[in-house]
Amino acid sequence: MCAIDVSKAFDKVNHYALLSKLMKKMIPRELLFLLENWLPGCYSCVKWHSAWSEFFRLDFGVRQGSVLSPLLFALYVDDIANISKHIPGIFVFLYADDILILSPTVSKLQELLNVIECELQALDLTINSKKSCCLRIGSRCDINCSTITNATGVMITWVSELRYLGVILVKSRSFKVCLVYAKRSFYRAANAIFGKIGRLASEEVILQLIVSKCMPMLLFGLEACTLNKSQLSSLDFTINRFFMKLFKTNSIEIVRACQESFGFEVPSVLLKKRTEKLEMYFHALNLCL
C-alpha cells in the first residue's frame, strides 16, 4: 500500500475546474450560482507585528478548516476514486486530501501511482514525495521491495509504520495496527486530568472526564480494524492500570468491582458494540445502494 500526501491540496483548487465538476454532478443551479459568487470573493492579507499588507484576492483554493471545503475538495478529486474501476485488483481510498492505494503487487502499485499522479497533474496538484510512503503487508513483508518512484524519479520510501487517518498500520504478515501511540496519548491526557483535579474532584467527575476526553484518544478508528485478543487485553490493561492508580489498589477484583459500580465499560466491550453498530450502518447503506 502507499499513502499519498498531496502538496498544498486545499490551497491549489482551481475554481473554474471545481465549478465545471459541480456542473457535471448536476447540483442545483442556485447552489452553483452561490459558489460561483462566493469563491472569487476570498481575500487575504499579511500581518507582520503591527503592520498589515494590502488585501489581495485568492484566485485559487478553498478555505481549509471550513465545513464545506472538504466536501468541495472531495468532489474536485472524485475522479481518482473511479480509477480502481478500470484497473482490476486494486483499491483507492480517499478522505479529503488523504489518499491510500492498495495493490496485490509492487508493479501494480507503481502503475496505479503513475495513473493517480497523471490525474492529479491534470488538476494542477502534485505529490509530496517526502511525506508519502509505502508499506508492505503479507507473507513476503520482510523481503526488500523494488523502488517506487513518482513521475520525476523521486523515490517514495518503504516504511515499517504508516499513519492513515490517525491509525498506525504496521508492516506484518497480516493486517495489524499499532496501539502504542494511542495508549501513550491516553496516559498523557489521563495523567494531566488526574494531576490537576485528582485530589479535589470525586471519582465520578474524574471518570466522566476520562470517558469524554481520554477514551476517544485510545479507541480512535479501532472499530474499523480487526484486533486480536492480545491487543484487546492490552487496551483493557491500560484502563485497569488507571483504575488502580485512581482507587489506590493492585487488586484486579477491586478494579472490576469499581468498574461495575460506576458503569464503566472497558475497551473490549466498547469496541464490540461500536463494531456491531458500524456493520449495521454499512449493511443499511448497501441496502440503500
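## A nonpolar patch

V46 is found in the loop between β2 (43-44) and β3 (47-48), where strands are DSSP runs of E with at least two residues, numbered from the N terminus. Because its relative accessibility is 49%, V46 counts as partly exposed, a class that lies between buried (under 20% relative accessible area) and exposed (over 50%), with a 1.4 Å probe and protein chains only.

Together with F56 and L58, V46 makes a nonpolar surface patch of about 240 Å²; such patches are made of residues with over 30% relative accessible area and no salt bridge, nonpolar side chains being joined within 5 Å. A salt bridge here is a side-chain nitrogen of Lys or Arg within 4 Å of a carboxyl oxygen of Asp or Glu.

## Basis of the values

This is a predicted model, in which local features need pLDDT of at least 70 and side-chain atom pairs count only at pLDDT 80 or more, while totals for chains, interfaces and linings use all residues. Residues are numbered from 1 along each chain as its sequence is written, and side-chain values use heavy atoms, leaving out hydrogens and water.

Strand β11 (residues 161-164) runs antiparallel to β12 and is joined to it by four bridges, pairing being called when DSSP finds at least two bridges between two strands. R163 stands opposite I168, and in the hairpin of these strands, with two residues between them, L165 takes a positive phi near 55 degrees.

A hairpin of six residues leads from β12 to β13; β13 (residues 177-178) pairs with β12 in the antiparallel sense over two bridges, and V177 is the bridge partner of L169.

Methods:
Patches are made of residues with over 30% relative accessible area and no salt bridge: like charges are joined within 9 Å, nonpolar side chains (Val, Leu, Ile, Met, Phe, Trp, Tyr) within 5 Å. Accessible areas come from the Shrake-Rupley method with a 1.4 Å probe; for residues, only the protein chains shown count as cover.
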